[in-house]
Amino acid sequence: MKFFTTLFATETNTFVSAPTGLGSYEEYGIFRGDASTRDATGYGLYAVEVRKQLAAKGHETVESLLAFAQPLGRTVRSVYERLRDEILADLRDAGPVDGVILVLHGAMVAEGYDDCEGDVISRVREIVGPGVPIGVSLDLHCHFTQKMLDGADTIICYKEYPHTDAFERLTELIRIVVDTAEGRVRPVTAVHDCRMVGKWHTTREPMAGFVRRMQAAEQLPGVLSVSLGHGFPWADVPESGAKLWVVTDNDPALAAKLAEELGRAFWDLRHETAVPSLSIEETLERAMATPGGPVVIADTADNPGGGATSDSTFMLHAVVERGIGNVAFGGVWDLGAVQLCRDAGVGASFELRLGGKCGPASGDPIDLHVTVKNVVEAHSQGGLSGVRTPMGPCVWVQAANGVDIVLISKRNQVIGADLFTGLGIDLTAKKLVIVKSAQHFHAEFGPLAKSVLYVSTPASLSTDFANLPYRVRDLDYWPRVEQPGRPHHMAAPGELYTVDGRKMHLQRSGPAPASATQPTIVIEAGGGCASPTYARLQQALSAKYPVIAYDRAGMGWSEADDAPFDGERTAHRLHGLLEAAGVTGPIVLVGHSLGGLLNRIYTGLYPQQVAGVVMLDASHPDQFAMYEHPPESVFAAERVKRADFQAGGKPPPEQAPIELLFADLPQVIRQLKALYTPEALDTTLAEVRGLPHVARQAGASPDLGSRPLAVLWAKQPQALPPGADPAIADVQKRWPEFQEAHAALSTQRRLVCIDGAEHMTMVLLPPLVQRVAEEIDGLMVQIASGTRR
Ligand SMILES: [Zn+2]
């Protein structure tokens, strides 16, 4: 039988602007059907292996193109199309074939092509027709797409990171393709989308165990292959993220069952499998405190294997500034520095400026007095699975304190220890070995390291996966979303800022402040309420004023907080959020219910910032001493309702009024549905538990002085449900007294009962909201004119 094979691969970082051009492929050599002979120790080893294995079974191999480029930005469109079309032309020229083996990456993106592999596979399918098996080998950092799945018979990706099992997977693929061609098996595939973005090392538990679990599943009768595609986080393409797929021999039900089972098992490990990452400070502290050496430090953010430029200097600056000696550092991609050192020759000693050249992510260049210790003109490094990687002319320079730096000419991540030792650097004698690599270094450096640390530097490959700047990819993934995959999921409609290390959300509306003294209205929600609850009030106020509604931690789109509810922390966070959002002028706080207590605490802490206060049917510090909060069984039942709804069930009947209330504001209905979650209820419960504490904090806050204050309240008592705590009725009886007490907090106050309003309707029903907005307008005018009443 006759099999066709090709290798066409790169991993595209779409956040990098520099494109991958023809030169990027030529750097590794483009081979046209002869890689197995001309590049037998490089990537051509794949073709050697395919030929060898097929020949052993008595089959013929038609070898097509081999083209690989080091990751960078999108491949130039014409370059991609030209190389692709060469493969397709070879396939046509080969005449009828019995099977196709495509060695691809799975994360190649070109201008105009978000899914290059899907494109290649589907075009190959057009040529060979439906009956010829197409097998595809992918890197585990792949985007597994529907188009790939539709076009191929079998897709397998590596299981190990570092990718030590590439040839085992290739062998497995060849076996399945040959078995399919010879009619022994009929591969079918099922996929489970894990909705996760991240990086997972298989060198440690529990990921090492998960790999064993996948391998064990492959031993089940009828299972041909199990793959977990980790995805490549730094690509903004529609179908990215971690996916688990299972290939069975014509048993779709088994494939689906296993894919879901294993995909869920991987999801369940999410809190334990994250890659540990330390700041530069922490890393060096920990490394220097480690007895002996070498401590190997991975500068993961500057990994050229993910598209970084490998010339960032953050770690080198840190080492030099601290006077740390006996360090090996590499490889720094700096062609100019390499040339100066080659020209100067071994033994030359001079002031060299190196690194920090390619862009802001590279940091500043560093000036060091160095001695050229060695130059190797055609250096290379050992790689995974025996593939040697050319590094071009490489130089070892030594700076003060025995800081040995490797300069490279081909931009490639550190994989083999011989990148250093081949130049003459003895790694075992070093205190620190700092490598520009995310994980592939681990196969060779792990065994000689006293310990391995992963440092987080400000270079290209941010590992803040929750905040990667995706525009195309949908944002419904973990860790951006705690529970992705919900039918009502919605990305934050407003603005997100990191405050106190956690994302906080606000929705801004109305005109920008006309002057530095015009106040912004800030709405503080009632207990358990999120920003959209106040959408109508916000809409009414923003006709004239700048208005912000925000979400406290754990409500709306603000990240949850494990600590108990605390008024002062809540106030400090709001202050930080406003600062982050650029709200530097005065504010008027509008607090509903519990929000009134929080307003008092905020004003006590930031008196200069608060120009006025509005209390909307606000809680009084004394009321919480009068009754116990609702039993937690009530919350348990509500939790079940919400979980059902978020799993795709119908909304409970008590949610129906929301549709009517906001019929003219459909985006608010969507927002409120997205927020009707069990997690929001957990926050509500935490707020309820913290009420007595927050009430005491509010009661201990200073009064409002002569700050303009509007106390707007609802006379009509809310109807109590049967069986309600009778103490609540006592609170209702004292309500007018409480409101008067609020008003007494300021010498410039207005106390207004909103006729016909109830506690919630005064912020929800249009005519009542209009009344409230008019009163607030009056207060705003009073503030603006500085009038006294
Ligand atoms: Zn990879």
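Select strand S1 (residues 2-9) together with strand S4 (residues 99-104): the two run parallel and are joined by six bridges, strands here being DSSP runs of E of at least two residues and helices runs of H or I of at least four, numbered from the N terminus. Within this pair, Phe4 has Val100 of S4 as its bridge partner. The model is a predicted one, in which local features need pLDDT of at least 70 and side-chain atom pairs count only at pLDDT 80 or more, while totals for chains, interfaces and linings use all residues. Residues are numbered from 1 along each chain as its sequence is written.

Turn next to the largest nonpolar core, which has 150 residues, with Leu102, Val397, Val406 and Leu407 making the most contacts inside it. Such a core is a set of buried Ala, Val, Leu, Ile, Met, Phe, Trp, Tyr and Cys residues joined through C-beta atoms within 7 Å, and buried means that 20 or more other C-beta atoms, placed from the backbone, lie within 10 Å of the residue's own. Helix H7 (residues 166-181) gives this core its largest share, eight residues.

Finally, select Ala530, Ile601, Val614 and Leu672, which are included in a second, separate core of 72 residues.

Terms used
Pairing = 2+ DSSP bridges. Buried ≥ 20, exposed ≤ 12 C-beta atoms within 10 Å, placed from the backbone.
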